[in-house]
Amino acid sequence: MFQAFRIATNNEIKSIEVLCHSLEHCLEKNGLFIGITFHSIERDVIHKFVKEKSKVFSKIEVEESSSDEISVNSKSRSAKMLSFKKLV
């Protein structure tokens with residue numbers, strides 16, 4: 001619940017949308033974007049953007065924390081690393 005309030009208060013979703021739209025112009029062909037998200041709302045924004053721009057960006061690859069990492073750092077269980085390339 002606190003995280004949802006923080007996301008709304010800090011206008012984080014809008015910031016992610018602005019970042020996504022800037023990637024089309026900032027990344028060169030074959031440029032790689034790698035980001036870490038901690039909430040499904042953040043991931044959904046990025047996935048929606050990449051799906052809408054499927055001719056510009058490759059499919060998103062998702063990497064999750066290993067069970068070893070989670071056993072040492074339980075907060076890492078919500079972290080997901082997303083990566084995709086600019087195709088054109």
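Figure 1. Patches here are made of residues with over 30% relative accessible area and no salt bridge, with nonpolar side chains joined within 5 Å. In this predicted model, Leu32, Ile34, Ile36, Phe38 and Met81 make such a nonpolar patch, with an area of about 480 Å². Strand S1, residues 32–37, supplies the largest share of the patch, three residues. Met81 belongs to strand S3, which covers residues 80–85. With a relative accessible area of 34%, Met81 is partly exposed, and that value passes the 30% cut-off for patch residues.

**Figure 2. The whole chain, for orientation.** Before we move further in, here is the setting for the close-ups. The chain has four helices and three strands, and its elements run α-α-β-α-β-α-β from the N terminus on. Along the principal axes, the C-alpha atoms fill a box of roughly 40 × 30 × 20 Å. The chain has 88 residues, of which 32% count as buried.

**Figure 3. The largest nonpolar core, with 14 residues.** Leu23, Ile46, Val50, Phe57, Ile60 and Phe84 are the members with the most contacts inside this core. Helix H2 (12–26), helix H3 and strand S3 are the elements that give two or more residues to the core. Among the contributors, H3 gives the most, with four residues. Keep Phe57 and Phe84 in mind, as both are buried and both return in the next view.

Figure 4. Three aromatic pairs are counted in the model. In one of them, the ring centres of Phe49 and Phe57 lie 5.6 Å apart with the planes at 50°, so this pair is tilted. Phe49 counts as buried at 4% relative accessibility, and Phe57 counts as buried at 2%. Phe57 also pairs with Phe84: their centres are 5.3 Å apart and their planes stand at 80°, so this pair is edge-to-face. The Phe57–Phe84 pair links distant parts of the chain, since Phe57 sits in the loop between helix H3 (40–52) and strand S2 (61–64), while Phe84 sits in strand S3, 27 residues apart. Taken together, ring pairs link Phe33, Phe49, Phe57 and Phe84 into a cluster.

**Figure 5. A salt bridge between helix H2 and a loop.** A search of the whole structure finds three salt bridges. The one shown here joins the side chains of Glu24 and Lys53, at 3.1 Å from N to O. This pair links distant parts of the chain: Glu24 is in helix H2 and Lys53 is in the loop between H3 and S2, 29 residues apart. Lys53 counts as partly exposed, at 26% relative accessibility.

Figure 6. About one helical turn separates Lys48 and Glu52, because they are four residues apart in helix H3. Both Lys48 and Glu52 are exposed.

**Figure 7. A salt bridge between two strands.** The partners in this view are Glu64 and Lys80, whose closest N and O atoms are 3.9 Å apart. The pair links distant parts of the chain, with Glu64 in strand S2 and Lys80 in strand S3, 16 residues apart. Glu64 is exposed, with a relative accessible area of 54%, whereas Lys80 counts as buried at 16% relative accessibility.

**Figure 8. Two cysteines without a disulfide.** A disulfide is a covalent bond between the sulfur atoms of two cysteines. The count of disulfides in this model comes to zero. The sulfur of Cys20 has its closest cysteine sulfur in Cys26, 12 Å away, which is too far for a bond; the cut-off for a disulfide is 2.5 Å. Cys20 counts as buried at 4% relative accessibility. Cys26 counts as exposed at 58% relative accessibility.

Methods. Residues are numbered from 1 along each chain as its sequence is written. This is a predicted model: local features need pLDDT of at least 70, side-chain atom pairs count only at pLDDT 80 or more; totals for chains, interfaces and linings use all residues. Side-chain values use heavy atoms; hydrogens and water are left out. Patches are made of residues with over 30% relative accessible area and no salt bridge: like charges are joined within 9 Å, nonpolar side chains (Val, Leu, Ile, Met, Phe, Trp, Tyr) within 5 Å. Accessible areas come from the Shrake-Rupley method with a 1.4 Å probe; for residues, only the protein chains shown count as cover. A salt bridge is a side-chain nitrogen of Lys or Arg within 4 Å of a carboxyl oxygen of Asp or Glu. Buried means under 20% relative accessible area, exposed over 50%, partly exposed in between (1.4 Å probe, protein chains only). Rings of Phe, Tyr and Trp (its six-membered ring) pair if their centres lie within 6.5 Å; planes under 30 degrees apart count as stacked, over 60 as edge-to-face and the rest as tilted. A nonpolar core is a set of buried Ala, Val, Leu, Ile, Met, Phe, Trp, Tyr and Cys residues joined through side-chain atoms within 4.5 Å.
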